[in-house]
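Thanks for sending this one over. Here are my notes, as numbered points you can follow with the model open beside you.

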Amino acid sequence: MSRNLLPAYSVFRVLANTAKSTKDVLKSFIATFYVQKFKKKTFLINDFASQFNSFYGFCIPNAVIKNVLVEKFDCHIGKGGWYTMNAGKIKDEDIFVLDDYKTTTDELIDDFLKYASRCGADFITIRDDFINYFNGTIVKKESNRVISAYIIKIQNSNSSLKELIDDLNYGSIIYRGITMDLPEISSWSNELTIYLNTDILFDMNGINGEAYKKSIEEFLELVKEVNAKKNCIHLRYFSVTRTEVNRFFSAAKKILCNKTIFSQSNGMTFILNKCTDVSDVLEKQGLFYAKLKKYGILCDETNRVTRIDETDIEKREEQENYINKNFAFLNFSDDFLDKIEELRNGITTKAIDKTGFIFLTRTDEILKKSKERTNITHAIGLSPTPEYMVTALWFHLNKGFGLTDLHSLDIVLRSKKIYAGIVADEQKKKIMEAQSDFMKKALTKEQTFEVIAALKQFSSKPEDITSETIDWAEELNDKTANQILESNEIERQKNQDVINLLKKQRDEANRKIQDNSKYTEFGEKAYRYLECLKKIGRTAYKVLVFFLMHMALPAAVVFAFAFVLKTIKKDELDWSFVFSNWISLGGTFLIAELFTWMRRIFCFAVDSRK
């Protein structure tokens, strides 16, 4: 694989900011290749296209390259199909230096390989898988797991690499749009019937989570825009798909009637939410079909996928006697693809408007088998991904480069979907293993519940996937049922130790509180006693001051006056005279004090009125 492919994706992103169309973008790539590598004035289109694609690692059809050479470079086509390049049409602003972009993409690859090595990934294939990941062509489960986890984790760790990943994703989408053989907006005249699988129908109704719902709603809106010009795209589902949907709702009814004992999928949890009896499930089932009808999605009663009748499917389900009646979809992967192949009459084409029939799903098994059956480069597979259809319809409508607004093409969300799907499959497998162990009496009923509860703690909805949940999921994935039980027992013991420690600390704190309460009670009594003494002291002080001011001081004055008078007259001291003068002087002091307080009260009253 060419080392220029990832840097080229970065260039696509940069050129999209100024280019008016995909042909303008491709013009810069052709000009750069011609000046830096090719340099031949005359050439055959096959030779030019082959070297051009090899240089960048592209797989762009010859017809697309031919159109750009003729329209943007005014290339003259001579005898024998020889092209003559008009070098005068190449401008300096059309040329870019690819090595400048390699520096940053090499940094990203090095960082990813370090992460992959810690995960034990195979270095021989993981590097190419990482590059292919941006095209959506990777099918290996383990590589998908490592790459999607890396992209999710890097969102919180390295802002520059995060932005680079977004740019590479954006550039790869533009590249895919260029490689598609899309009709002009006004020229799509052929009928296209798209059969929706059960998972797509569930996504529409939000049963598998909001992330899937938003992605399918974007697809439906683009279909609506195409049909607004001419009603040529029809959305349908097979009768066997309807049977599978009905079986799912029937399983929900059985759960409400306590006919199943094991926990179910996220979708079943969604259906059973706020349902108290069978009538609630029937109401949700009615709303499910009502939404399909709203978008014009109808059941195709004429084209049957399998010879098995709907009633026979229900009988087969009862005969297979699923372990404890735990719901599982029946596998019709090959039947679906066989039917699409039959409807197409075995014709394979690169033009999306000429395919006639498509089966839309995001089920990995079907997508993988569809790719294996398609042996022509750029041909539309029997079952393309929803993301492929969104990209195709977007570029067909000539909506420009505003792809960042598309929720379904966001690489982080795509990575979360991939990782969530892998984990959901592993959850189902481990739950089935636990049920099997229960049937073999290797696990008790309580242990089985405990294992399933531990597995179901991890939400497999894309919107719930974070760096932290990935670490937890990876750890849980490596454990068997017995190891899960052992881990839970260890965790319970740790929790019990913590509880015991907290109880001990609580008892110690209560003991200290009781001891402190004794000291506190004594302290409060002592405080009240001291306060009482303070009050007595303050009262005694006031009495003493009052006595000194109003009794002792006048007495001292009168006694001094009488003593001086006696000394002058040399008579005996008249104690009645002293006493009467003392009383009169003390009374005078009291009256003066009274008038002083009355004056203060009067002034206070006047100020209060103001």
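1. A word on terms before we start: a contact here means heavy atoms within 4.5 Å. With that in hand, look at N303, which, leaving aside its neighbours within four places in sequence, is in contact with Y195, F238, K339 and L343.

2. Please keep in mind that this is a predicted model, in which local features need pLDDT of at least 70, side-chain atom pairs count only at pLDDT 80 or more, and totals for chains, interfaces and linings use all residues. Residues are numbered from 1 along each chain as its sequence is written, and side-chain values use heavy atoms, with hydrogens and water left out.

3. How confident is the predictor? The pLDDT is its confidence in each residue, from 0 to 100; the mean for the protein is 81, and 80% of its residues reach 70 or more. Over residues 319–325, however, the pLDDT is below 50, and this stretch has 15 contacts in the model beyond near neighbours in sequence.

4. Now the overall picture. The protein has 22 helices and seven strands, where helices (H or I, at least four residues) and strands (E, at least two) are DSSP runs numbered from the N terminus. Of the 610 residues, 42% are buried; buried means under 20% relative accessible area, exposed over 50%, and partly exposed in between (1.4 Å probe, protein chains only). Among contacts with a separation of 6 or more, 73% are between residues 24 or more positions apart.

5. Back to N303, which sits in the loop between β6 (298–300) and α14 (310–320). Is N303 buried or exposed? N303 counts as buried because its relative accessible area is 19%, against a cut-off of 20%. Its side chain makes a polar contact of 2.9 Å with the side chain of D300, and another of 3.3 Å with the side chain of Y195. A polar contact is a pair of N or O atoms within 3.5 Å; within protein, one must be able to donate a hydrogen and the other to accept it, and residues adjacent in sequence count only if both atoms are side-chain atoms.

6. Y195 leads us to strand β4. Five of the five residues of β4 (residues 192–196) are buried, so the strand is largely enclosed by the rest of the structure. L192, I194 and L196 point one way, while T193 and Y195 point the other way. In a regular strand the side chains alternate between the two faces of the sheet.

7. Which strands pair with β4? Strand β5 (residues 233–238) pairs with β4 in the parallel sense over four bridges, and strand β7 (residues 357–360) also runs parallel to β4, joined by four bridges. Two strands pair if DSSP finds at least two bridges between them.

8. For the aromatic residues, a search of the whole structure finds 37 aromatic pairs. One of them is Y9 with Y175, a tilted pair at 5.9 Å centre to centre and 50 degrees between the planes. Y9 lies in helix α1 (residues 5–15) and Y175 in helix α8 (residues 159–179), so the pair ties together parts that are 166 residues apart in sequence. Y9 is buried at 0% relative accessibility, and Y175 is buried at 6%. The rule is that rings of Phe, Tyr and Trp (its six-membered ring) pair if their centres lie within 6.5 Å, with planes under 30 degrees apart counted as stacked, over 60 as edge-to-face and the rest as tilted.

9. Two lysines deserve a look at the backbone. K39, in the loop between α2 and β1 (42–44), has a positive phi near 65 degrees although it is not a glycine. K441 likewise has a positive phi of about 65 degrees, and is found in the loop between α18 (411–439) and α19 (445–456). K39 is exposed, with a relative accessible area of 58%, and K441 is exposed at 75%.

10. Finally, the record. An unreviewed UniProt entry lists residues 473–512 as "coiled-coil region"; UniProt positions are given in the numbering used here, feature names are shortened, and annotations may be inferred rather than shown by experiment. In the model, that stretch is 92% helix and 0% strand, and its end C-alpha atoms are 45 Å apart.

Notes. pLDDT = per-residue confidence, 0-100.
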